[in-house]
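Here is a quick tour for anyone meeting this structure for the first time. Have a look at it, then read on.

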Amino acid sequence: MPAAEIQQLPKVSIEQLEVFADDLDVVKAAQIYKEYGALVVRGLMKAYVAEIGRDIEAAVQESLELLDQATQIPEGWTTPNGTLFLPAPKNFKRDKQIMVLGIRYTTSAAFFRSAFEPKTVDLVSAILGPNVELFLDGQCLYKEPVGGHPKHLHQDAAYFEHKFEGPVGSLNYVVATNVNNGALHVVTGSHRLGVLNHVDTFSHLGLDEQAWPWESALPICGQPGDSIFFNVKTIHGSKENHSNGPRPVFIHRYRRADDYVVVGATRTDNRAEAEKQREKAKKENQRGLMVRGFRSFETRG
Ligand SMILES: O=C(O)CCC(=O)C(=O)O
C-alpha cells in the first residue's frame, strides 16, 4: 500500500523547482531548496562538463581493464581503482555492470575544481551558513547503456545520517538525461518526513516499492551541466538506462563545518549495528576541506 505520507506532500511542477545559473538569485534558490528539499539550477556546471566527461570515460576504461582483479564484497564487486560493480542484467555483454565509478577529487582535477564553482558555493552557503566543508571526495554514478542499473528510491540519510542538517547534495548531468536513460526522480517535500525505514534492494538501501512507488516522484529531465540540489532526507532515485549511450552523473556534497555522520551504512544489517554506536559519533576524523568560511577551534571537535 502507498505510504499515507504521500497524500500530505505538496504537488510540485518542475517550473517551481527551477532557476537558471546565468541569472541566479541565491536567496530565492535557497528558499526553493528549503521549501521542497530539491532545486534545479540549469547550466550551473556547463563549464566543467566536457573535461569531467573525459575523465569519467578514462575511469570507465581503467575500471574495465581492472575488472579481472575485482574482489567480491557484500554490495557487489570492487576493482582496485575503487569502482563498484553490480550483477549485470540478462543479455548484457558482461556479467557485471558499473554502478559507482572510481573517480573522485583525488583522481580528477576538473572534478575537484568544479566543487568550488563560485555560484554553487554561494548557494550552499545561503542554505547551510557561513562555514561549509566538503563531505566525502566526490562521487560518480554511471549507468551503462542498454539496461544500466536502477537506483531505487531512497534517502541518503539512510546511508549517512548526520548530527545536524546533513549534506546538501549536488547531482550534475553530464549528458542529456530523460526518463529513458535514467533521470533523477525526487519526492518533493519528503525531507520533512524524518529518516524512514529502508530495506535491502538490488541497489542497496532503498524504500519499500509498494509504499513509495515511482509515481510518487517527479522526474527531472535536463541537459549537460544542469545541477540538482537535494536535502539528505529528500527521497530520490533513478530508473534503468534504456538508451544506447552511458548516463553518468557527478555528485558533490556540502555540509556545515561542524556537522558529522552519526549513523553510516549501506545495508540493513550494518545500519542496525551502526545505530547502536550513534551516541559515540564525533566530529573528530570527519573534517572535510573547507569551501567557505573558517573552522574555529571549538568546531574542530
Ligand atoms: O545515479 C542516480 O541517478 C542516483 C544517484 C543517487 O541516488 C545517489 O547518489 O544517492
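Which residue of β16 is the bridge partner of Ser170? It's Phe229. Keep in mind that we're looking at a predicted model.

## The whole chain

Let's step back for a moment. The chain has 301 residues, and a compact globule of that length would have a radius of gyration near 19 Å; the chain comes in at 18 Å, so the two agree. Along the principal axes, its C-alpha atoms fill a box of roughly 50 × 45 × 45 Å.

There are 7 helices and 20 strands to find your way around. Buried residues account for 44% of the chain. If you take the contacts between residues at least 6 apart in sequence, 78% of them join residues at least 24 apart.

## A strand tucked inside

Now back to β16, which covers residues 227-231. Since 5 of its 5 residues are buried, this strand is largely enclosed by the rest of the structure. In a regular strand, side chains alternate between the two faces of the sheet. For β16, both faces are covered: Ser227, Phe229 and Asn231 are buried on one side, and Ile228 and Phe230 are buried on the other.

What about its partners? Strand β11 (residues 168-173) pairs with β16 in the antiparallel sense over 5 bridges, and the Ser170 and Phe229 pair belongs here. Strand β2 (residues 38-42) also runs antiparallel to β16, joined to it by 4 bridges. Here, Val40 has Ile228 as its bridge partner.

## A four-strand open sheet

Elsewhere, 4 strands line up as an open sheet in the order β9-β17-β12-β15, with antiparallel pairing. The edges are β9 (151-154) and β15 (218-220); each has a single partner strand, so one side of each is left without a neighbour in the sheet. On average, neighbouring strands of this sheet are turned by 20° against each other, ignoring direction.

Zoom in on one pairing: β12 (residues 184-187) and β15 are antiparallel and share 3 bridges. Val186 has Leu218 of β15 as its bridge partner.

## Around the ligand

Finally, which residues are around the ligand? They are Leu141, Lys151, Asp156, Gly182, Leu184, His236, Gly237, Ser238, Val249 and Ile251. Two elements give two or more residues to this shell: β17 (235-238) and β18 (247-256). The largest share, 3 residues, comes from β17, a strand that also sits in the open sheet described above.

Definitions and conventions:
Residues are numbered from 1 along each chain as its sequence is written. This is a predicted model: local features need pLDDT of at least 70, side-chain atom pairs count only at pLDDT 80 or more; totals for chains, interfaces and linings use all residues. A residue is near a molecule or strand if its C-beta atom, placed from the backbone, lies within 6 Å of it. A residue is buried if 20 or more other C-beta atoms lie within 10 Å of its own, exposed if 12 or fewer, and partly exposed in between; C-beta atoms are placed from the backbone. Two strands pair if DSSP finds at least two bridges between them. Axes are lines fitted to C-alpha atoms, for helices over the stretch in contact, and angles run from 0 to 180 degrees between N-to-C directions. The radius of gyration is taken over C-alpha atoms; the globule rule is 2.2 Å times the number of residues to the power 0.38. Two residues are in contact if their C-beta atoms, placed from the backbone, lie within 7 Å.
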